[in-house]
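Please walk through this model with me, one region at a time. Keep the sequence at hand.

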Amino acid sequence: MLDVRGTSILQRHVAALNNHGLSDVTVVTGYKAEAVNLPGIKTVLNDAYETTGEAASLALARDKLTSACVVGYGDIVYRHFILSMLLDCDADIAVVVDAGWTARREDGGRKRADLARCSVPFTADFLDDAPVTLTGIGPAIEAVDGEWVGLMKLSAKGAQRVASEIDAMAADGSLATASLPDLLQRLIDAGEQPAVVYVTGNWLDVNDAFDLAQARNVT
């Protein structure tokens, strides 16, 4: 709910979704849940936010994983064309990966980034439209091709597959502390091949005061 140029980060996110025809928006809240009060959204409280991870938060909105949807972090600021590119991808599971991630990570990014390994490295050749899939994700992977932006599109089939994996994680006890990259890696390990939509910059995750200052350069 922090302000960026007169509009909160979450409000920008919701506006991007609404502008692309996505009006049924559910936000999983935790810390200071009462501050999340945008009109036109539904909220679900993760009252165990201090001890659980992102996958557990997504599990609280599991009833939404029955039809095509977009899953995203709540602290990202991005140009709207990124969402357009993601929605244009017809894969059952598709993720946005920033191939220019090192340009904005002074420490190489490994402490914070959701690093991604892909089947094909990024190329600036606009005629090269070969399909690219996600082959690994997480802070410790080698042969990094980019950083997951924190946006994922699911078809109805993809959403049901994610819901099934959430159920499996709940059953084996790994759900509570798992991240969304952990969930994606499990899907990959089980044979899924999430499609990759490459971008180069034009987004920011707001993790601290420095990021918040930088966010005013992204609209």
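The paragraphs below go from the helices to the core, the cysteines and one loop.

This is a predicted model, in which local features need pLDDT of at least 70, side-chain atom pairs count only at pLDDT 80 or more, and totals for chains, interfaces and linings use all residues. Residues are numbered from 1 along each chain as its sequence is written, and side-chain values use heavy atoms, with hydrogens and water left out.

Start with helix H1, residues 9-19. Helices (H or I, at least four residues) and strands (E, at least two) are DSSP runs, numbered from the N terminus. Ile9, Leu10, Arg12, His13, Val14, Ala16 and Leu17 of H1 are buried. Buried means under 20% relative accessible area, exposed over 50%, and partly exposed in between (1.4 Å probe, protein chains only).

Helix H2 spans residues 54-59 and holds Ser57. The Ser57 side chain makes a polar contact with the Asn46 side chain, at 3.0 Å. A polar contact is a pair of N or O atoms within 3.5 Å; within protein, one must be able to donate a hydrogen and the other to accept it, and residues adjacent in sequence count only if both atoms are side-chain atoms. Not counting residues up to four places away in sequence, Ser57 touches Val28 and Asn46. Contact means heavy atoms within 4.5 Å.

Now the core. The largest nonpolar core has 56 residues, and Leu65 and Leu154 touch the most other members. Such a core is a set of buried Ala, Val, Leu, Ile, Met, Phe, Trp, Tyr and Cys residues joined through side-chain atoms within 4.5 Å. Beyond four places in sequence, the residues that Leu154 touches include Leu65, Cys69, Ile93 and Val162.

What about the cysteines? Cys69 is buried, at a relative accessible area of 18%. Cys118 is buried too, at 7%. A search of the whole structure finds zero disulfides, a disulfide being a pair of cysteine sulfur atoms within 2.5 Å.

Last, a loop. Ser119 lies between strand E8 (115-118) and strand E9 (134-137). Ser119 has a relative accessible area of 39%, so Ser119 is partly exposed. Ser119 and Thr135 are 16 residues apart along the chain, yet their C-alpha atoms are separated by 6.1 Å. Leaving aside neighbours within four places in sequence, Ser119 is in contact with Pro131, Val132, Thr133 and Thr135.
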